[in-house]
Structures are given as C-alpha cells and as structure tokens.
Amino acid sequence: MDAIGLSGAEWLAVLRIGLGLWWLESWRHKDKKGWFERGTGIAWAADVAAKHKWNAVRSGFDVVVRPRPKTMAYVVVYAELALGLGLVAGLLTPFALVGGLLLNLLYFTLMIHDWAEQGQNAMMGLVSVVALFAMSWQTWSLDHAIGLF
C-alpha cells in the first residue's frame, strides 16, 4: 500500500487515535454534575425515547434504562471515557472498537430523528468498522507493545 507521509498502518493508527479523541471529547463536554446528581442526561434520553416512532425503542428504554437512571448515567459517561482511553492508548482495542460501534448504534437508533446525531454516529461507526477490520492496533498501541491480539 502506498501512502503519503506515514505508512498505511500508521494512518490506520491515526484514525483509531482520532476516534478515541472523539470519544474523549464526548466525555469531556458532558456536564458530569448534571448527569450524576440531577439526572439530566438520562432525563433527556427518556424524553427522546418516549416520543420515538419505534415501539421497540420506547419499550427497550423503559425496561433497561428507566428503572436505573443513576446507574445508566454512570455507564454512559464512563463507557465514553473508557472507549476514548482504550482507543488512544491502543489497549484492548478490538473490544473498544466493538463496544464503541455498539454504543454508536444505540445512539443512532435513539436519535433517529436528529440528522446531526445520525451523521456523527454513522461516521464514528464507520471508523470503528474500518479500524477493526484493518486491525489498527498493530501500530502505536499498547496491544502491540505487549503482544495482545
């Protein structure tokens, strides 16, 4: 593979690290006090889910998220942090890529009416798939340094 400036594997590592930075930014800009103390993030998602056109989304939210809003707030916020750190450092990268793809699919489905959210989650999902199948952890990663995967 020909590439400019870096090798193909290095460009894939850049893509993986960029995706990790995107997850870290998603974590950084969240109002943690609002999410954890006032439940703002889950309340907003509950409002979106309640108006969703697909019954499966409404009922799934009611079964999984609504009974445990505080726990789910921590799960969402710290999942984004863990994904970002894992992808930037290249630690347990395949798991982070699959986990991020699943989270993006959940966000994409919940926010089916919001074109901006759909675009962001579709692109993050695409990067996850490319980084996963191209095995982007082979360069500039702790996985490679310690011989994982």
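Student: At what angle do the axes of α6 and α7 cross?
Tutor: Roughly 155°, with the axes of helix α6 (residues 93-110) and helix α7 (residues 115-133) coming within 9 Å. Axes are lines fitted to C-alpha atoms, for helices over the stretch in contact, and angles run from 0 to 180 degrees between N-to-C directions. So α6 is roughly antiparallel to α7 (under 35 degrees is roughly parallel, over 145 roughly antiparallel, 65 to 115 roughly perpendicular, the rest oblique).

Student: What sort of model is this?
Tutor: It is a predicted model: local features need pLDDT of at least 70, side-chain atom pairs count only at pLDDT 80 or more, and totals for chains, interfaces and linings use all residues. Residues are numbered from 1 along each chain as its sequence is written, and side-chain values use heavy atoms, leaving out hydrogens and water.

Student: Back to α6 and α7. Left-handed or right-handed crossing?
Tutor: Left-handed. That is, the near helix is turned anticlockwise from the far one by less than a right angle.

Student: Which residues make that contact?
Tutor: Among them are Pro-94, Leu-97 and Phe-108 of α6, and Gln-118, Met-124 and Leu-132 of α7. Contact means heavy atoms within 4.5 Å. By class, this contact has 11 nonpolar, six polar and no charged residues. Ala, Val, Leu, Ile, Met, Phe, Trp, Tyr, Cys and Pro count as nonpolar, Asp, Glu, Lys and Arg as charged, and the others, Gly among them, as polar.

Student: How do α1 and α6 cross?
Tutor: At roughly 50°, with axes within 12 Å. The two helices are therefore oblique to each other. This crossing is left-handed. Arg-16, Leu-19 and Trp-23 of α1 meet α6 residues including Leu-103 and Tyr-107.

Student: New topic. What volume does the largest pocket have?
Tutor: About 790 Å³. A volume is the space filled by probe spheres set on grid points, which are joined across faces, edges and corners. On a 1 Å grid over the protein atoms alone, with a 1.4 Å probe, a pocket is an open set with protein on both sides within 12 Å along at least five of seven lines; lining residues have an atom within 4 Å of a point.

Student: Which lining residues are closest to its centre?
Tutor: Val-76, Leu-103, Leu-106, Tyr-107 and Leu-110, out of 34. The lining has 21 nonpolar, nine polar and four charged residues.

Student: How many helices and strands overall?
Tutor: Eight helices and zero strands. Helices (H or I, at least four residues) and strands (E, at least two) are DSSP runs, numbered from the N terminus.
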